[in-house]
Amino acid sequence: MRYKFAHLNRPTGIFKALAVVGLLLPGSGSAQTPEFEDWNAKFQTTYIWQGKSSFNSPYSSTNSLSAAKETSYSFTTTAALGFRPWTGGELYFNPEAAQGVPLSNLTGLGGFTNGEMARTSGATLKVYRARLFLRQTWGLGGEQDAIESDANQLAGAVDKNRLVLTAGNLSVLDIFDKNAYNHDPRTQFLNWSLMTHGAYDYAADARGYSWGAALEWYQDEWALRGGRFIQPEQPNQLPLDTNIFKHFGDQIEIEHAHSLGGEPGKLRFLYFRNRTKMSRFQDAIDLAARTGGTPDLNAVRGGERIKQGIGLSLEQALSADIGLFGRASWADGKTETYAFTEIDRSLSGGVLIKGSDWGRGEDNLGLAFARNGLSKERRNYLAAGGQSFFIGDGKLNYRPETIVEAFYNANILKGLWATLDWQRIQNPAYNADRGPVNFYGLRLHAEY
């Protein structure tokens with residue numbers, strides 16, 4: 001996360017009035033009068049190449065990770081345009097373009113290796129609207145936080161105690177589980193089960209975006225946020241179901257900022273609850289037992305189902321240059337994955353280190369692990385030969401999927417970074433009969 005908050009004393013008199021209406025010129029004030037933007041325009045471009053080694057595979061099926069050597073790539077470019085239409089209001093629009101060719105047609109893993117790879121990826125560049133949303137902030141007093149200019153963030157100052165309403169087209173992860181040390185696959189860890197809670201089946205279309213609203217309340221060291229977003233019409237597809245009162249993803253998160261040994265940290269607890277037309281694994285198993293066939297989720301997708309889960313997230317600075325993160329998440333695992341990936345339990349953690357000690361203050365070194373698991377119902381379904389959206393080897397010798405990722409992110413020029421990435425996955429798709437697999441990657445990222 002590139003932006004930072006700086007605590008300020010509350011401006012008074014004419015300075016407060018000027019800051020509110022946006023008349024202070026950037027850099028014209030003291031520490032009491034931060035930069036204030038009425039609009040901004042930010043851009044990013046990210047290219048990721050990955051290669052995969054061959055690995056042991058005594059058997060496979062249509063949704064298995066290919067045992068042969070493979071290469072893949074993804075490319076995204078985004079414009080983030082922001083405008084302040086009135087006091088406290090911010091309007092953002094993000095046109096985006098993407099293309100890519102995934103490994104094994106994006107199948108065969110719970111923790112996929114490229115967080116930039118959308119489920120609609122293809123070799124043809126596609127242009128679409130990624131975000132179009134309004135943010136409204138109401139100050140409730142206290143000190144002020146200075147906000148730096150960034151993508152989808154206008155420079156200015158807000159009350160530390162405040163209400164924030166965000167509504168429109170955006171990603172649920174723009175608001176929830178914003179861990180400072182591991183949240184953005186364009187600049188940090190690449191694996192899907194590291195960039196957020198692995199078991200967090202958050203509402204999104206196949207590109208990772210949705211429509212909805214979230215309300216946040218900040219009070220001193222606490223924050224409470226809740227939101228509702230619409231689900232796709234079918235699992236992991238692009239068209240969204242606009243009936244937000246019938247089919248939706250709800251989440252609530254409580255956050256507490258603290259200091260440990262004089263260094264800042266945050267602890268977050270998340271609860272999510274989805275309601276939509278989902279298949280249940282046990283229903284598919286029961287139908288197959290009656291008919292003598294192979295369990296099939298598509299054969300039992302009917303009435304509304306509920307899926308719920310929880311997540312605990314920690315970020316902790318050890319110094320100005322070293323930060324730790326950890327996550328634990330759990331979902332009930334009775335129903336199919338609807339919008340994220342095939343993980344029902346996950347533990348992850350890691351460290352992010354800035355390169356200041358070796359004279360490379362804009363570089364980052366990262367090391368992380370994840371251990372992903374499945375519910376009993378999902379394991380039984382896969383062991384019986386069932387295929388779910390991303391995984392299914394025809395049978396299953398179950399073991400948790402274990403991931404290690406390491407990267408070095410080097411600043412080449414102003415606004416340009418190159419990253420070397422390595423991932424090793426033990427028991428791909430939770431199958432001890434297959435793997436382990438090594439993945440090698442190169443990421444080029446520019447922002448301005």
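**Cavities, strands and a glutamate**

Reply: Happy to! The largest cavity is lined by 13 residues, and Pro102, Leu103, Leu106, Phe112 and Thr113 are the ones that lie nearest its centre. This is a predicted model, where local features need pLDDT of at least 70, side-chain atom pairs count only at pLDDT 80 or more, and totals for chains, interfaces and linings use all residues. Residues are numbered from 1 along each chain as its sequence is written, and side-chain values use heavy atoms, leaving out hydrogens and water.

Me: How many charged residues are in the lining of the largest cavity?

Reply: A cavity is a set of points on a 1 Å grid over the protein atoms alone where a 1.4 Å probe fits but cannot get out, and lining residues have an atom within 4 Å of a point. Asp, Glu, Lys and Arg count as charged; Ala, Val, Leu, Ile, Met, Phe, Trp, Tyr, Cys and Pro as nonpolar; and the others, Gly among them, as polar. The lining here divides into eight nonpolar and five polar residues, and the number of charged ones is none.

Me: Which residue in the turn between β3 and β4 has a positive phi?

Reply: Strands here are DSSP runs (E, at least two residues), numbered from the N terminus, and two of them pair if DSSP finds at least two bridges between them. β3 and β4 run antiparallel, joined by nine bridges, with Gly82 opposite Tyr92 in β4. They form a hairpin with five residues between them, and the turn residue with a positive phi, about 85 degrees, is Gly88.

Me: Is Glu96 buried or exposed?

Reply: Glu96 sits in strand β4, residues 89–101. Buried means under 20% relative accessible area, exposed over 50% and partly exposed in between (1.4 Å probe, protein chains only). Because its relative accessible area is 3%, Glu96 is buried.

Me: Which side chain makes a polar contact of 2.6 Å with that of Glu96?

Reply: A polar contact is a pair of N or O atoms within 3.5 Å; within protein, one must be able to donate a hydrogen and the other to accept it, and residues adjacent in sequence count only if both atoms are side-chain atoms. The side chain of Glu96 makes one with the side chain of Arg186 at 3.0 Å. The one of 2.6 Å is with Thr78.

Conventions:
Helices (H or I, at least four residues) and strands (E, at least two) are DSSP runs, numbered from the N terminus. On a 1 Å grid over the protein atoms alone, a cavity is a set of points where a 1.4 Å probe fits but cannot get out, and a pocket is an open set with protein on both sides within 12 Å along at least five of seven lines; lining residues have an atom within 4 Å of a point.
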